[in-house]
Amino acid sequence: MVKWAFAIAMTAGTTVAMAQDGTGFWGGVDAGPAFLERTYSQTGSSRDTEFALAFRGGYAWHPRLLLGLELGGFTLEEGDLWDPRQGEGIQTFYAIAHYYPGAGSKFFLRAGFGHVQYWNNRPGETDASDSGYVLGAGYELARWGSWRFEPVIDFSGGKFDGATSPPGVVQDQRYEALTFRLGITYR
């Protein structure tokens, strides 16, 4: 439910025009592969390439500083409408900042901190949540009016204490991810 509310709010925010000075509402979406490493307190570690997606939006208080929220995550196992026992992932919800170091700069740095949640639909396994972070950089390759096309590279991490996975094994989990995404931003 939170995902849909955020997507609707972000879509509504992108229809508001930016002021001539570069301040105002902004929003965007990006997707791409993530190289994800997970470590566990009871079982061995795993390395996988997973799909990452993020929706973000907020307000630009200054043309070089965008503040907002980002809802995203990583798909570890696809869900199935016909089999509700399938599906596993990591969901992120960050307070985020994008900073452009120079006036008119196309390069930006980004950082965020917030809540991360491991979820799992398999029987006998349970979810867990805690805190996480993201650090990254991006570059505006092209601009079409208020729209920007941006490749972004991120490094993120987080932890989940007390998840049950595999069934009957309660353990702490940590993850780190290197993510390459292509995004579209309206500002």
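The points below cover the aromatic pairs, the strand pairing and the cavity.

1. One thing before the details: this is a predicted model. Every value here is computed from that model.

2. Let's start with the rings. How many aromatic pairs does the structure hold? The count is nine. One of them joins F25 and Y59, edge-to-face, with 5.1 Å from centre to centre and 80° between the planes. F25 sits in strand β1 (residues 24-40) and Y59 in strand β2 (residues 46-62), so this contact ties together parts that are 34 residues apart in sequence.

3. Next, take F74 and Y175. Their ring centres are 5.9 Å apart with the planes at 65°, and the pair is therefore edge-to-face, given that the cut-off for that class is over 60 degrees. F74 belongs to strand β3 (residues 65-77) and Y175 to strand β9 (residues 170-186), so here the pair ties together parts 101 residues apart in sequence. Both F74 and Y175 are buried.

4. F74 and Y175 belong to one aromatic cluster together with Y118 and F160.

5. On to the strands. β5 (residues 107-120) pairs with β6 (residues 128-139) in the antiparallel sense, over 12 bridges. Within that pairing, G112 stands opposite V134 of β6. β6 also pairs with β8 (residues 147-164), again antiparallel, over seven bridges. There, G132 stands opposite G158 of β8.

6. What about voids? Searching the whole structure for cavities of 30 Å³ or more turns up one. The largest cavity holds about 50 Å³ of space. Its lining consists of E70, G72, G73, F74, T92, Y94, V134, S156 and R181. Two of these names have come up already: F74 is in the aromatic cluster, and V134 is the residue opposite G112.

7. Which elements give two or more residues to that lining? They are β3 and β4 (88-99), and β3 gives the most, with four residues. By class, the lining of the largest cavity divides into three nonpolar, four polar and two charged residues.

Terms used:
Residues numbered from 1 in each chain as written. Predicted model: local features only at pLDDT ≥ 70, side-chain atom pairs only at ≥ 80, totals over all residues. Heavy atoms only, no water. Phe/Tyr/Trp six-rings, centres within 6.5 Å; stacked < 30°, edge-to-face > 60°. Buried < 20%, exposed > 50% of the residue type's maximum accessible area, 1.4 Å probe, protein only. Pairing = 2+ DSSP bridges. 1 Å grid on protein atoms, 1.4 Å probe; cavity = no way out; pocket = protein on both sides within 12 Å on 5 of 7 lines; lining within 4 Å. Points joined across faces, edges and corners; volume = space filled by probe spheres on them. Nonpolar A, V, L, I, M, F, W, Y, C, P; charged D, E, K, R; others polar.
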